[in-house]
Amino acid sequence: TTDIRAEKLLDAREQLKNIGHKISVNDFVVRASALALREHPEVNSGFNSVNQTLIRFKTIDICIAVAIPDGLITPIVRHCDFKNLGEISVEVRHLAQRAKEGKLQREEYAGGSFTISNLGMFGISEFMAIINPPQAAILAVGAIIDQPVVSGHVVVPGKVMKLTLSADHRVIDGAEGAKFLKTVQKYLENPASLVM
């Protein structure tokens, strides 16, 4: 688990909103994760339990956990690292709506190389998500919480979001998972890098 200082992220989101782009915090997380997976391809992996072998996914296809009346479904944003924030936002909204209507085709939710589960909209500050086999990792995203933070040896009001990575240690060493999480943090705390 790591803390993300989210003040700049919220400012960037507001700036985009002011020029007509409705981007969610989760869209930023998806984009940051896609770029981090490109830098840390060992996290973009899985485990084949049938023949006990590692899977190295060739593309970055991020599943987004969506609650539906019957439980949970994970529609996929394919080739996510090649899509900008706007494209990710439109696609996630479209897939989530189709999921809630029960209209997803199998190819829209079967597969994927990595999953993001966000319970922030429910006010949940931190949780551990369960890995979606055969993937080897899932990122749990909590709510942005107002809390005191230390900045320059002074306690100031801050906005903090917790990210928790669950990883299959048959595939991903803890240190590699930590490096991935720090890269996601770097992108989210410098959100201008996600607009490029």
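Q: Why is Met121 called exposed?
A: Met121 has a relative accessible area of 60%. Exposed means over 50%, buried means under 20%, and partly exposed lies in between (1.4 Å probe, protein chains only). Met121 is therefore exposed. This residue is in the loop between β8 and β9.

Q: What kind of model do these values come from, and how are residues numbered?
A: This is a predicted model, in which local features need pLDDT of at least 70, side-chain atom pairs count only at pLDDT 80 or more, and totals for chains, interfaces and linings use all residues. Residues are numbered from 1 along each chain as its sequence is written, and side-chain values use heavy atoms, with hydrogens and water left out.

Q: What makes Met121, Phe122 and Ile124 a nonpolar patch?
A: Patch residues need over 30% relative accessible area and no salt bridge; nonpolar side chains (Val, Leu, Ile, Met, Phe, Trp, Tyr) are joined within 5 Å, like charges within 9 Å. Met121, Phe122 and Ile124 form such a patch on the surface, with about 340 Å² of accessible area together. Areas come from the Shrake-Rupley method with a 1.4 Å probe; for residues, only the protein chains shown count as cover.

Q: How do you know that the side chains of Asp61 and Arg78 meet in a salt bridge?
A: The rule asks for a side-chain nitrogen of Lys or Arg within 4 Å of a carboxyl oxygen of Asp or Glu. For Asp61 and Arg78 the N to O value is 3.9 Å, so the pair counts. The two residues are 17 apart, Asp61 in the loop between β3 and β4, Arg78 in the loop between β7 and α3.

Q: Which of these two counts as buried, and which as partly exposed?
A: Asp61 is at 8% relative accessibility, so it counts as buried. Arg78 is at 29%, so Arg78 is partly exposed.

Q: What makes Lys83 and Glu91 a salt bridge, and is each residue buried or partly exposed?
A: Their side chains meet at 2.8 Å, N to O. Lys83 has a relative accessible area of 19% and is buried. Glu91, at 22%, is partly exposed. By this rule the count comes to eleven salt bridges.

Q: Why is Lys8 called exposed?
A: Lys8 is at 52% relative accessibility, so it counts as exposed. Lys8 is in helix α1. Leaving aside neighbours within four places in sequence, Lys8 is in contact (heavy atoms within 4.5 Å) with Glu189, Asn190 and Pro191.

Q: How do you know that β8 and β9 pair?
A: Two strands pair if DSSP finds at least two bridges between them. Strands are DSSP runs (E, at least two residues), helices are runs of H or I, at least four, and both are numbered from the N terminus. Four bridges join β8 to β9, which run parallel, so they pair. Ile116 has Leu139 in β9 as its bridge partner.

Q: What makes β9 and β10 partners?
A: They are joined by 13 bridges and run antiparallel. Leu139 stands opposite Leu165 in β10. The two strands form a hairpin with two residues between them, and Gly152 in the turn has a positive phi of about 60°.

Q: Why do β1 and β7 stand at the edges?
A: The open sheet of six strands has the order β1-β10-β9-β8-β4-β7, with mixed pairing. β1 and β7 each have a single partner strand, so one side of each is left without a neighbour in the sheet.
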